[in-house]
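Have a look at the picture before reading on.

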Amino acid sequence: MRYTQYMLNTLKETPSDAEVISHQLMLRSGMIRKVAAGIYSYLPLGLRSLRKVENIVREEMNRAGAIEILMPMVVPAELWEESGRWEQYGKELLRIKDRKESPFCLGPTHEEVVTDIARREIRSYRQLPVNLYQIQTKFRDEIRPRFGLMRGREFIMKDAYSFDLDEQGADQAYEKMYQAYRRIFTRCGLNFRAVEADTGNIGGSASHEFMVLADAGEDAIVSCDSCEYAANVEKAELGDPGQSAAAAAQEMKKVLTPARKTIEDVALFLETSADQLVKTLIVQTDTGETVAVLLRGDRELNEIKLCRLLGCNWVEMAPEELVVKATGAPSGFAGPVGLKLRILADFEVAVMSDFIVGANEKDAHYTGANLGRDFAVETFSDLRQAVSGDPCPRCGGKLQSWRGIEVGHVFKLGTKYSAAMNATVLDDQGQDQVLYMGCYGIGVGRTVAAAVEQNHDEHGIIWPMPIAPFQVLVTMVNPKDQAVVEAAEALYGELQSRGIEVLLDDRDERPGSKFKDADLLGIPLRVTVGARALKEGSLELQQRSSGERTMLPIAEAADALAQQVRDALC
C-alpha cells in the first residue's frame, strides 16, 4: 500500500478527551475516530489490526471444533423475559421499540438468542456436543464510557456458547475453550494471565478472565510466585489461617480520640500501626438488611465475597443517618462492643487479640478489645481483598500483584439459561435432559487496544508482529531523487511478491516528519531508503521494538526482511 493512496491521517496533538495511552495513540495514529460517546469508527489502519485479531480468533475457534454462526444485534424482549434478565440487567441494556411498539434490545451478549437456537435445532444427544460462536457488534449503554475502545458502548466481540448433555461434557468444553484462549493471546504476541474470576451478571458456577498485563489496567489481579494460581482480586481466595488468637493480655479500656475518624489518624494518635486496629463497617444490602463487617485495619472489604456470603446482589456503605441509628455515633467510631447488629468478620480478625475498635461513641475508641470476652461474631469468612504478600491458597507461596486489562472471559453456565428457557434434548433412554452450557467471550477491539497499552513508548505504538497493521514500512527519504524512488519501488514490489504486508511512505515530506510518523504508527520493521546508503549498496533497517539499526545489502534486503517477518510470526 502506498501512503499517498491510503487514508491515513496522523495527529500531532493528543485529543483532550483521550485519557489512557491506547486511546491517545489510536487516535493520533489514525486508527479510530470518535462518532459519539463510547462509539468509534475504525479507519483503514485500525481495521487491519482488528481483522488480524479476528482471524487469529477464528482460526483457533475452528481448530477447537466450534462452528461459526451470526446472530442479530437487535433481540426481541420476549427472549430476555424468558431468562429473567429483561428487568435484572439494568440500564446498560438499551431497550428500544419498533413501529408496532414491540419491545426489543440491542444485544450486549447473546445467551438468550443462542439458547433459543439450541432448543429449536438440537433435539437428540447424538447431536452433542455443539459449540456455536460469532464475531459481531454488541452494545452496552455504559453510564460513563471512557478510555476509547477499552470501555466503549458499541464494541466488537467474539462470543461462543457450548452445549453438552451433562456436567462432565461441559467441563471438557470449558477446558477446550480455555486452551484455545491461551493460544489466541499467545499468537497475538501478548503478555497475559488467565485468572480465576467472579461470574457477575452472566451467572454460572466458575469462570476465568484472560488479562493482558499493563500498568493502565483497570483490574487488579494476583498470581502466585510458586505455582500457576492467579485470580482477580475480587475472586482471590484467602482461607482460614487455622490459628487461634493469643490469650488476652489487656483489659478493655475506653480512650478519647478527638476528631480521629480514619484508621490512619487513630493509629498515629495511639502510637500503633493500622494492623492493630479492627474497623467496623456498617453496610446495607439490596435486600434491606444492615450488617456490621469486621476487618483488620489495614485491609479493604471485598464486596463480592460479602455478597456471596449473604446471598445478595450488592452491598453499599450505610448512609450517615443509618450509621448513627445503628451505633449511636457518627461514622468513624463504629465498633462491635455492644452493637445490636448481625456481626460478620474476616478470618484475620479471629487470630487477633488486644486490638483497638471504635467505641460507638463520638471521639472514643476501645483499646485491649478481644473476641469472645468483649463481643461475639456470628460468622467468620474470607471477606478481604487480596494484596501482594498474602499466602497463595493453593501452595502457600506468596501472591504478587499486577494490573490487567480483561480481554477474554470464559464461564461455566451450567443450566441457568437452558432450564429457564426449556432447552432440552432426548438422552439415550428417551428422557428429556436440560442442556449444560458454557459461554466464552473475547473483546476483539479491546484486544487491539490492550496490545497498545502493553506495547508502546514515548514515541508511539510498538506493534507485535502478528497483529501489526503492516509488517514493513519502506520510507523514501527524498521522493524527488530518482535513485531513491527506483530502489524503494523495487523493494516494495519484491516484498509484495513474497507476501509481505508493506506500507510505502512515498510522501513528499521532510525526513524528520516521516520518521516521527513511523514511530507513532509502530510498524515492526522500518527500512529507510536514502541516497547516502544507496551509494554504498545498502538500506537501513530499524527494529521498532528495540530501536536497533542494521545495514542490509540491497540485493539481500527483500529475502532478509521476509525471513524476519516469518520468524516473528512463528
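How many bridges join strand β9 to β10, and do they run parallel or antiparallel? There are 5 bridges, and the two strands run antiparallel. Keep in mind that this is a predicted model.

Within that pairing, Ala 194 has Phe 210 of β10 as its bridge partner. β10 also pairs with β21 (residues 399-414), again in the antiparallel sense, over 8 bridges. Of the 8 residues of β10, 7 are buried, so the strand is largely enclosed by the rest of the structure.

Now zoom in on Ser 207, which sits in β10. Is Ser 207 buried or exposed? Its relative accessible area is 4%, and because buried means under 20%, Ser 207 counts as buried. Ser 207 stands opposite Phe 411 in β21, while its side chain makes a polar contact with the side chain of His 409 at 3.1 Å.

Next, hop over to an open sheet of 5 strands, in the order β28-β27-β29-β30-β31 and with mixed pairing. β28 and β31 stand at the edges with a single partner strand each, so one side of each has no neighbour in the sheet. On average, neighbouring strands here are turned by 25° against each other, direction ignored.

Here are the antiparallel pairs, side by side:

| Strand pair | Bridges |
|---|---|
| β9 and β10 | 5 bridges |
| β10 and β21 | 8 bridges |
| β30 and β31 | 5 bridges |

In that last pair, Glu 540 has Met 551 of β31 as its bridge partner. Finally, helix α15 (residues 554-569) lies across β27, β29, β30 and β31, running at about 125° to β31.

Methods: Residues numbered from 1 in each chain as written. Predicted model: local features only at pLDDT ≥ 70, side-chain atom pairs only at ≥ 80, totals over all residues. Heavy atoms only, no water. Pairing = 2+ DSSP bridges. Helix = DSSP H or I, 4+ residues; strand = E, 2+ residues; numbered from the N terminus. Axes fitted to C-alpha atoms, helices over the stretch in contact; angles between N-to-C directions. Contact = heavy atoms within 4.5 Å. Buried < 20%, exposed > 50% of the residue type's maximum accessible area, 1.4 Å probe, protein only. Polar contact = N/O pair within 3.5 Å; in protein donor to acceptor, adjacent residues only side chain to side chain.
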